[in-house]
Amino acid sequence: MEQVFLLNGVPGVLWTPRGVNGTRPLIAMGHGGGQNKKAPDILDRARRFVAECGFAVVAIDAPSHGDRPEHEEFTRIATEYEARLDAGEGLAAPIADFQTLVVRQMVPEWQSVLNAVQKLSHVGIGPVGYWGLSLGCVIGVPLIAAESRIRAAVLGLGGAEVPAETAARITVPVEFLVQWDDERVPRAQSLALFDAFASIEKSLHANPGKHGEIPAFEVDSTLRFFARHLG
C-alpha cells in the first residue's frame with residue numbers, strides 16, 4: 001500500500017503491507033541528488049522491503065527536489081559545489097555550508113517524519129533502518145549519528161562531504177557501497193569515510209563501475225542485511 005503525505009511542508013511517501021496492522025521494522029530511504037522520493041531505485045527497493053520482508057518504508061523529498069519548492073540556500077550550495085567540482089577547485093566551503101544546512105534543517109525534518117509515521121497503527125514503534133546513497137548518504141550520516149532509533153544502515157557513494165567526526169559517532173551495523181571507478185567521489189575519500197565509522201560490524205561492498213552503476217545484486221544483499229538486523 002502506498003500513501004503520499006505532506007508533513008509540515010515536507011512531501012513524502014509511505015509503503016506498507018496492505019491490510020496488515022501491528023508494529024513492524026521501518027526503513028527510511030534517502031534519494032540521490034537530482035532524484036526524488038519515487039526515484040526508480042527507491043521504488044524498487046521499497047516494494048521489495050514490503051513484499052519480501054513485511055517492512056514499512058518511508059521516503060521524503062530533499063530540499064529543491066521532487067515536489068518541494070526551490071530552496072534558495074540548497075540550490076546555491078549545490079550550484080557552487082558542481083562548479084568547483086568541474087573546475088577541479090577546492091570543495092571545503094560548499095561542503096561545510098551543506099553540512100550546516102543538513103544538521104539545521106534536514107535532520108529535524110527526518111525526525112519529525114519518523115515520529116509521525118511510527119504513530120500509525122500499521123507501522124508502530126519498531127526498529128528503524130536507513131538506506132541512502134550519494135546525497136542520501138550525505139544526509140543520512142548526520143541523521144544516524146543523531147537518531148538512536150536507527151539500528152542499521154546501508155550507505156555509500158559518499159566521501160569528503162561527510163565529516164569524519166560525525167561518521168565516528170555511528171556505531172550501528174553498516175553496509176557501505178563503493179563504485180571503484182566513481183567519477184564523482186574519489187575512491188580514497190569513500191574508503192576514508194568507511195574507515196571513520198565506529199561500528200563494530202561494518203562491511204565494504206566495492207564493485208567496478210561509475211557512480212550510478214550499482215549492480216542489481218546489491219539489492220539482495222541490502223534485503224538480507226536489514227532482515228538480519230531488524231527482522
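View 1. Just after α2, G88 has a positive phi of about 70 degrees. Helices here are DSSP runs (H or I, at least four residues), and strands are too (E, at least two), numbered from the N terminus. This is a predicted model: local features need pLDDT of at least 70, side-chain atom pairs count only at pLDDT 80 or more, and totals for chains, interfaces and linings use all residues. Residues are numbered from 1 along each chain as its sequence is written, and side-chain values use heavy atoms, without hydrogens and water.

**View 2. Helix α2 from end to end.** Helix α2 covers residues 72-87. At 1.5 Å a residue, its 16 residues should span 22 Å. That expected span is 1.5 Å times one less than the number of residues. The end C-alpha atoms are 23 Å apart, which agrees.

View 3. F74, I77 and Y81 are buried (under 20% relative accessible area; exposed is over 50%, partly exposed in between; 1.4 Å probe, protein chains only). They cover an arc of only 70 degrees around the axis, so they sit on the same side of α2. The arc is taken from the directions from the helix axis to the C-beta atoms. An α-helix has 3.6 residues a turn, so residues three or four places apart point the same way. The face turned away from the buried side carries exposed E72, T79 and D86.

**View 4. D61 in its loop.** D61 lies between β4 (56-60) and α2. At 0% relative accessibility, D61 counts as buried. The side chains of D61 and K37 make a polar contact of 2.8 Å. Such a contact is a pair of N or O atoms within 3.5 Å; within protein, one must be able to donate a hydrogen and the other to accept it, and residues adjacent in sequence count only if both atoms are side-chain atoms. The D61 side chain also reaches the backbone nitrogen of D67 at 2.9 Å.
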